Amino acid sequence: PAEPESPYRVVLMGAGGVGKTAFASIFAGAADSMDSDDCELCVEELCEKEIEVDGEPATITLVDMWDAETDEWTQEQCMQTADAYLLLYSITDRASFLRASELRITLRRFCPARYTPIILVGNKCDLVRRREVPTSEGRACAAVFDCKFIETSAAMQHNVWESFYGIVRQLRLRRDSR
Ligand code: GDP
């Protein structure tokens, strides 16, 4: 398949309750009223926005349509059309971590290109006392799955933008390595 051009289609995946909606809100600027005009196309599950990464503009279309009720056909469509994935779990919920592993394996079947950027995202890192998944375990899992790893807190707006920047950087690396 051809190299993706910006807009990059980035899909949020993960078990229910891990923070996908919170990520999408931050991206859309809902948590920052000064930014809310920047979102050109915001419907319930889709938001397109231009951001600047390393001095260069990039447009991301963020897709947040993943939940337990999403039917298989829609999930497959979702996976087949994505340029990159943010694979979320909650550090307070081991089941969501296991779910992320399962989704990673499923993704392998659908990745349209040989190498599609995936970042494993351990969200809710502000909830220190409720942590069930150690950072080291998340990192080890990402190494096995051959993807990047980041811990975030949507509640504290910590590292959320970093995860989007990371996706853009990986897509550019791929573009530039041609
Ligand atoms: P989704 O089902 O994956 O879309 O998850 P949501 O974004 O709806 O989040 C589920 C719940 O977790 C909500 O009550 C959020 O406010 C909360 N939440 C999301 N991210 C964080 C976070 O980083 N820290 C904390 N403490 N709560 C969070």
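Me: Which residues touch the most other members in the largest nonpolar core?

Reply: A nonpolar core is a set of buried Ala, Val, Leu, Ile, Met, Phe, Trp, Tyr and Cys residues joined through C-beta atoms within 7 Å, where buried means that 20 or more other C-beta atoms lie within 10 Å of a residue's own, exposed means 12 or fewer, and partly exposed is in between, with C-beta atoms placed from the backbone. In soluble globular proteins, nonpolar side chains tend to be buried together. Here the largest nonpolar core has 46 residues, and Val-10, Leu-12, Leu-86 and Leu-87 touch the most other members. Strand β5 (residues 84-90) gives the most to this core, with six residues; helices (H or I, at least four residues) and strands (E, at least two) are DSSP runs, numbered from the N terminus.

This is a predicted model, in which local features need pLDDT of at least 70 and side-chain atom pairs count only at pLDDT 80 or more, while totals for chains, interfaces and linings use all residues. Residues are numbered from 1 along each chain as its sequence is written.

Me: With which residues is Leu-86 in contact, leaving aside its neighbours within four places in sequence?

Reply: Two residues are in contact if their C-beta atoms, placed from the backbone, lie within 7 Å. With those sequence neighbours left aside, the contacts of Leu-86 are Val-10, Leu-12, Ile-119, Val-121, Ser-163 and Ile-167.

Me: Is strand β6 (residues 118-123) enclosed or open, and why?

Reply: All six of the six residues of β6 are buried, so this strand is largely enclosed by the rest of the structure. Both of its faces are covered, with Ile-118, Leu-120 and Gly-122 buried on one side and Ile-119, Val-121 and Asn-123 buried on the other.

Me: How many bridges join β6 to β5, and how many join β6 to β7?

Reply: Two strands pair if DSSP finds at least two bridges between them. Strands β5 and β6 run parallel and are joined by six bridges, with Ser-90 standing opposite Asn-123 in β6. Strands β6 and β7 also run parallel, joined by four bridges, and the bridge partner of Val-121 in β7 is Ile-150. From β6 the chain crosses through helix α4 (residues 135-144) to β7 in a right-handed β-α-β crossover, a term that applies if, with the strands pointing away from the viewer, the path from the first strand over the helix to the second runs clockwise.

Me: What surrounds the ligand?

Reply: A residue is near a molecule if its C-beta atom, placed from the backbone, lies within 6 Å of it. The ligand is surrounded by 15 residues, of which Gly-19, Lys-20, Thr-21, Ala-154 and Ala-155 are the closest. Helix α1 (residues 20-28) supplies the largest share of this shell, three residues. In α1, Lys-20, Ala-22, Phe-23, Ala-24, Phe-27 and Ala-28 are buried, whereas Ser-25, with 17 C-beta neighbours inside 10 Å, counts as partly exposed.

Me: Which residues other than glycine have a positive phi?

Reply: Most residues other than glycine have a negative phi, and most peptide bonds are trans. Among those with a positive value are Asp-146, with a phi near 60 degrees, and Asn-159, with a phi of about 70 degrees. Asp-146 sits in the loop between α4 and β7 and is exposed, with 10 other C-beta atoms within 10 Å. Asn-159 lies in the loop between β7 and α5 and is partly exposed, with 19 other C-beta atoms within 10 Å.
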